[in-house]
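The exercises below concern strand pairing and pockets. Work through each task with the structure open, then compare with the solution.

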Amino acid sequence: MNKKMKKSYTALWLSFICAFVLLFPANIFAGNGDNDANADAVKGKVELTKEVNNAVKQSPGKETFSFELVPAEGHKDLATAGITVDKNTVETNGVGTFEGTLNFSVDKSKINENNGWKAFGKNKNNYMISYTLQEKNDGKKGWEYGTKKYDVVMSYYSDDNEIYTSTYLPGTDASERAKFVNTFKGTELKNKVELTKEVKQDGKQKPGKEKFMFELVPAEGQKDLATAGITVDTNTVETDGVGTFTGDLNFTVDANKISEANGWKAFGKNKNNYMIYYTLQEKNDGKKGWEYGTKKYDLVMSYYSDDNAIYTSTYLPGTDASESAKFVNTFKGVEMPAPQDPPKKPEMKETVKTGDSNEITTLISLAILGIGTLAVARRFKKNA
């Protein structure tokens, strides 16, 4: 076969294949599986309302809440009944009321009494099934979930080939749109470390009012405060003279940042509690006349998920010996500058005579003489 004939046959085959693909779409060779399933599925939905309330100053941000259909006791599960939930979330943004739907599909081939559907109607060719609709508590930090539940009745009408849904208060015929209320209580967890400041005096000079500051320092290999979600709100103790004074180092922890990735160590049976520790020490800000103590403590913060709360303890460094945080400073006085003699009264000095004063005297004398001459001339003129 020469080259021309080969090219002709090749072109012919290519033309045949292109025509075949155009005339006979590829999906005719796919089995009945997917297409049949899509063709046999009927869609339904449950309308949802999500109300978000706020109980703290911190504002809730964007959130996604999930919902589920749970079979009542003795009822078939969703898969057996041929029900697939396609969408089960409602998105919120701040405080307010938000609308959404739970969308589902039902495989018509599974709508029968063997799969949990109950036949009804004159010809018994319509079917219904019921489930409990509830919100999924997925443990979002700072949220109090509502516990409202509803009976969802799905009714399939064969003549319409449609699924209709209704929601009722559990165990009643009282129809009600499904509404779920969640309250935001904040992700900020507050706690404090109790501090004692003892002021001593070494010298005759007494200390006055002062403010001493304290800080949390990460140990080697530990995450800094910002990474761990910790903010120190107040860190001072005020003193007034000699004595013992108390105060608190107050801090806030963002519960969303409590994780091993941010330096917290999981503990407990289910590893859902966390702890982290820092060195608590006084800041030496160089106040004049003061000798600062060098005492330090290990401060352990523990988060318990069941309580959603932070607890603190202080220990002597590197030990299990618990001890309240106490810091001692000694006032040694501020050196006052030596008193100086009062300045002497300046002496009055005699004015040095110069030639300029004689000239002034001469000018004054001439002025007086001129005035006298003028007066005599006026008098002479008058007599004449």
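**Exercise 1.** Determine how strand 1 and strand 5 pair, and find the bridge partner of K43.

Solution. Strand 1 (residues 41-54) and strand 5 (residues 96-107) run antiparallel to each other, with 12 bridges between them. Strands here are DSSP runs of E with at least two residues, numbered from the N terminus, and two of them pair if DSSP finds at least two bridges between them. K43 has S105 of strand 5 as its bridge partner.

The model is predicted: local features need pLDDT of at least 70, side-chain atom pairs count only at pLDDT 80 or more, and totals for chains, interfaces and linings use all residues. Residues are numbered from 1 along each chain as its sequence is written, and side-chain values use heavy atoms, with hydrogens and water left out.

**Exercise 2.** Give the strand order of the open sheet of five strands and name its edge strands.

Solution. The order is 3-5-1-11-8, and the pairing is mixed. Strand 3 (83-87) and strand 8 are the edges, since each pairs on one side only. In general, strands of a sheet pair through backbone hydrogen bonds, either parallel or antiparallel.

**Exercise 3.** Describe how strand 16 pairs with strand 12 and with strand 14.

Solution. Take strand 12 (residues 188-201) to begin with: its pairing with strand 16 (residues 243-254) is antiparallel over 12 bridges. Within this pairing, E194 stands opposite D248 of strand 16. Next, strand 14 (residues 230-234) also pairs with strand 16 in the antiparallel sense, over four bridges. Here T234 has N250 of strand 16 as its bridge partner.

**Exercise 4.** Characterise the largest pocket by volume and lining.

Solution. A pocket is an open set of points on a 1 Å grid over the protein atoms alone, where a 1.4 Å probe fits, with protein on both sides within 12 Å along at least five of seven lines; lining residues have an atom within 4 Å of a point. The volume, meaning the space filled by probe spheres set on the points, is about 230 Å³. Of the 15 lining residues, K140, K141, G142, W143 and N308 are the closest to the centre. Strand 8 (143-144) and strand 12 each contribute at least two lining residues. By class, the lining has four nonpolar, six polar and five charged residues, with Gly counted as polar.

**Exercise 5.** Which strands each supply at least two residues of the lining of the second largest pocket?

Solution. They are strand 12 and strand 21 (309-315). The lining includes K192, V193 and E194, as well as T312, S313 and T314. The pocket holds about 150 Å³ of space.
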